[in-house]
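Dear colleague,

I am passing on the structure we spoke about, and below it you will find my notes on what came out of going through it. Please read them with the structure open beside you.

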Amino acid sequence: MRENDTSRDVFNAIADPTRRQLIYLLADTEEIPLHELTSHFEMGRTAVSKHLTILKEADLVYDRKVGRETRYRLNPSPLREVQDWVAFYSKYWSANMMRLSDLLEEEEE
């Protein structure tokens, strides 16, 4: 992350299990109000709201006011960075496992 960038790092945002659960819940619906999200956790509305703020700062979540309630929805685009990172290391491990497999086959012969 660049120093002058005010948004949070996606990897830091998804590092917390509560935030990953929020992403999971948001991925399963178009939009969900805060009180409904809070019902899935053993913590108060303020704590859930703080986690949502971190996700919003990483551009993973959008919110909008509808009357007195705030509704949230997932923005999956920033997760592409995570997917790309995992894909890179997946190739790395696949190549290393192939080499290990080749070595083991050579030893058996």
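**Salt bridges**

Arginine 8 forms a salt bridge with glutamate 57, and the closest N and O atoms of the two are 2.3 Å apart. Since arginine 8 lies in the segment before helix 1 and glutamate 57 in helix 4, the pair ties together parts that are 49 residues apart in sequence. Please keep in mind, here and throughout, that this is a predicted model. Arginine 8 is partly exposed, with a relative accessible area of 40%, and glutamate 57, at 32% relative accessibility, also counts as partly exposed.

The count of salt bridges comes to five. Another of them joins glutamate 31 to arginine 64, with the closest N and O atoms 2.6 Å apart. This pair, too, links distant parts of the chain, given that glutamate 31 sits in the loop between helix 2 and strand 1 while arginine 64 belongs to strand 2, 33 residues apart. Glutamate 31 has a relative accessible area of 23% and is partly exposed, and arginine 64 is partly exposed at 42%. Both residues belong to a network of salt bridges that links Glu31, Arg64, Glu69 and Arg71.

A further salt bridge is formed by aspartate 63 with lysine 56, where the closest N and O atoms are 2.9 Å apart. Aspartate 63 counts as partly exposed at 35% relative accessibility, and lysine 56 is partly exposed with a relative accessible area of 31%. As a general point, side chains of opposite charge can pair when their charged atoms come close.

Three strands make up an open sheet with the order 1-3-2 and antiparallel pairing. Strand 1 (32-33) and strand 2 (61-66) stand at the edges, each with a single partner strand, so one side of each is left without a neighbour in the sheet. Strand 2 is joined to strand 3 (residues 69-74) by six bridges, and the two run antiparallel; in this pairing lysine 65 stands opposite threonine 70, and tyrosine 62 has arginine 73 as its bridge partner. The hairpin of strand 2 and strand 3 has two residues between the strands, and in that hairpin glycine 67 takes a positive phi near 65°. Strand 1 pairs with strand 3 over two bridges, again in the antiparallel sense, with isoleucine 32 standing opposite tyrosine 72.

**Helices and core**

Helix 2 (residues 17-27) lies across strand 1, strand 2 and strand 3, and runs at about 90° to strand 3. Helix 4 (residues 45-57) lies across strand 2 and strand 3, and runs at about 120° to strand 2.

The largest nonpolar core has 21 residues, and those with the most contacts inside it are Leu26, Leu37, Leu52, Leu55 and Leu60. Helix 1 (10-14), helix 2, helix 3, helix 4 and strand 3 each supply at least two residues of this core. Leucine 52, leaving aside its neighbours within four places in sequence, is in contact with Leu22, Leu26, Leu34, Leu37, Val61 and Tyr72. In soluble globular proteins, nonpolar side chains tend to be buried together.

**Two buried polar residues**

Asparagine 75 has its place in the loop between strand 3 and helix 5 (79-108), and at 10% relative accessibility it counts as buried, the cut-off being under 20%. The side chain of asparagine 75 makes a polar contact of 3.0 Å with the side chain of tyrosine 62. Beyond its neighbours within four places in sequence, asparagine 75 is in contact with Asp59, Leu60, Val61 and Tyr62.

Threonine 38 lies in helix 3 (residues 34-38) and, at 12% relative accessibility, counts as buried by that cut-off. Not counting residues up to four places away in sequence, threonine 38 touches Met43, Gly44, Arg45 and Val48.

With best regards

Conventions:
Residues are numbered from 1 along each chain as its sequence is written. This is a predicted model: local features need pLDDT of at least 70, side-chain atom pairs count only at pLDDT 80 or more; totals for chains, interfaces and linings use all residues. Side-chain values use heavy atoms; hydrogens and water are left out. Two strands pair if DSSP finds at least two bridges between them. Helices (H or I, at least four residues) and strands (E, at least two) are DSSP runs, numbered from the N terminus. Contact means heavy atoms within 4.5 Å. Axes are lines fitted to C-alpha atoms, for helices over the stretch in contact, and angles run from 0 to 180 degrees between N-to-C directions. Buried means under 20% relative accessible area, exposed over 50%, partly exposed in between (1.4 Å probe, protein chains only). A polar contact is a pair of N or O atoms within 3.5 Å; within protein, one must be able to donate a hydrogen and the other to accept it, and residues adjacent in sequence count only if both atoms are side-chain atoms. A nonpolar core is a set of buried Ala, Val, Leu, Ile, Met, Phe, Trp, Tyr and Cys residues joined through side-chain atoms within 4.5 Å. A salt bridge is a side-chain nitrogen of Lys or Arg within 4 Å of a carboxyl oxygen of Asp or Glu.
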